[in-house]
Amino acid sequence: MTKLKADFSAQIRVICSDIWKPYLKMIAKHLPQAINVLDRFHIMQKFGRALDKVRADEAKRLRQAKQPPLLSKSRWCFLKRRENLTEKQGFKLNELLKMNLRTVKAYLLREQFQKLWEYRSPGWAGKFLEQWCHAAIFSRLEPMKDLARMLTAHRPLILNYFRARKQFNSGIVEGLNRKINLTIRKSFGFRTLKIAKVCLLCWQLRVFAFMPVSSTTNKQPKLPELYITSLANSRNRISPTNSGEEAEKEEQETSPPIRLSAVQMQCDFGDI
C-alpha cells in the first residue's frame, strides 16, 4: 500500500478488508478518505469459531460428567447453513434445537445476527447491532461475549457496509485465493517460483477462456498477449540434486518460447 502512487490512492473511495489490526491501521494511515468496509465473510467466520468453541467446551463438560454424548458428530450441523445440510444433519439439528444446551443458545444468537445483513439503513442496522450485542453480553457464553465486544469496538467499520450500499465484499478475492491454494496443494508444491507462476497463470487463462459473452458487445473478453517457456520434460530436468537456478537456466537454453493460441491475446500480461 505504501508503494501506491498518490494520484491513484487518492481516487480510492471504498476498500474492503478483514478485522486484522495491521490492515486497519495501514488503511487509516494511507487511505483516510476511503470508506473501510469490514468484509461480512470474515465477520461470520468469527461467529463460526465462537460457536465451535462453545460446542467443544460443552461436549467436554458432558463427557466429564458422564452424561449422554448429545453433541457427538454435531459440529457441521451447527456450522453449516441450513440449506447446505444433508438430510441426516438436518434431522440431527432439529433434535438438538429442542434441548436446553449452551450450544443451541450460541447457534440461535448467530442465526439472529444474520438478520443484520437484511437492513439497508446504517441507522437501523446500528440499532439492531446494539440490541444483539446487549443480548450476547448477558448470554453468559464467554466466546459470544468476546465476539460482542469485538463487534462493538468495530461498530463504525461494520456499518460502513451499509453506507457503501451493500455492494462491496471480498468474496471474489477469497475465492481466487482458495483456488490458488488448491492448485499448489494438488501439485504437492513447486520447486521453482517460475513453474508456480506458469501453473497459476495457466489456471487463470482457463478461467478467462470460459468467461461468458458480454451482453453489450456480444464478444468474449479479450485476454492479454502471453508468451511462456515450454515446461516439457521439466520433471526430468529438475531433480533434488539440481538447484532451482540451474533448472531455470537450462529451461531458457533448451525450450523455445511457445505462444498460447487457444485464445486471442492482445497485450503483455506481465508478472503475476
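Guide: An axis is a line fitted to C-alpha atoms, for helices over the stretch in contact, and angles between N-to-C directions run from 0 to 180 degrees. The model is predicted, so local features need pLDDT of at least 70 and side-chain atom pairs count only at pLDDT 80 or more, while totals for chains, interfaces and linings use all residues. Residues are numbered from 1 along each chain as its sequence is written, and side-chain values use heavy atoms, leaving out hydrogens and water.

Visitor: How many helices and strands are there in the protein chain?

Guide: Both are DSSP runs numbered from the N terminus: helices are H or I with at least four residues, strands are E with at least two. By this rule, the chain holds 13 helices and six strands.

Visitor: At what angle do α3 and α6 pack?

Guide: Two packed helices are described by the angle between their axes and the distance between the axes. For α3 and α6, the axes are 8 Å apart and the angle is about 170 degrees.

Visitor: Which residues of α6 make the contact with α3?

Guide: Contact means heavy atoms within 4.5 Å. On the α3 side, the residues are Ile43, Met44, Phe47, Leu51, Val54, Arg55, Glu58 and Arg61. On the α6 side, they are Arg102, Thr103, Ala106, Tyr107, Arg110 and Phe113.

Visitor: Are α3 and α6 roughly parallel or roughly antiparallel to each other?

Guide: Angles under 35 degrees count as roughly parallel, over 145 as roughly antiparallel, 65 to 115 as roughly perpendicular and the rest as oblique. With an angle of about 170 degrees, the two helices are therefore roughly antiparallel.

Visitor: How far apart are the end C-alpha atoms of helix α6?

Guide: The expected span of a helix is 1.5 Å times one less than its number of residues. Helix α6 has twelve residues (102-113) and should span 16 Å, which agrees with the distance between its end C-alpha atoms, 17 Å.

Visitor: Which residues of α6 are buried?

Guide: Buried means under 20% relative accessible area, exposed over 50% and partly exposed in between (1.4 Å probe, protein chains only). The cover over the buried residues of α6 includes α3 (40-64), α4 (75-79), α5 (87-96), α7 (122-137) and α8 (142-153). The buried residues themselves are Thr103, Val104, Ala106, Tyr107, Leu109, Arg110 and Phe113.

Visitor: Within what arc do the buried residues of α5 fall?

Guide: In α5, Gln89, Gly90, Leu93 and Leu96 are buried. Their arc is taken from the directions from the helix axis to the C-beta atoms. They line one face of the helix, because seen down the axis they fall within an arc of 125 degrees.

Visitor: Which exposed residues lie on the face of α5 turned away from its buried side?

Guide: The buried residues of α5 have cover that includes α4 and α6. The face turned away from them carries Glu87, Lys88 and Phe91.

Visitor: Is His42 buried or exposed?

Guide: His42 is found in helix α3. Leaving aside residues up to four places away in sequence, His42 touches Asp18, Ser170 and Glu174. Its relative accessible area is 13%, and so His42 counts as buried.

Visitor: What is the phi of Lys66?

Guide: Most residues other than glycine have a negative phi. Lys66 lies in the loop between α3 and α4, and Lys66 counts as exposed at 77% relative accessibility. Its phi is positive, with a value near 55 degrees.
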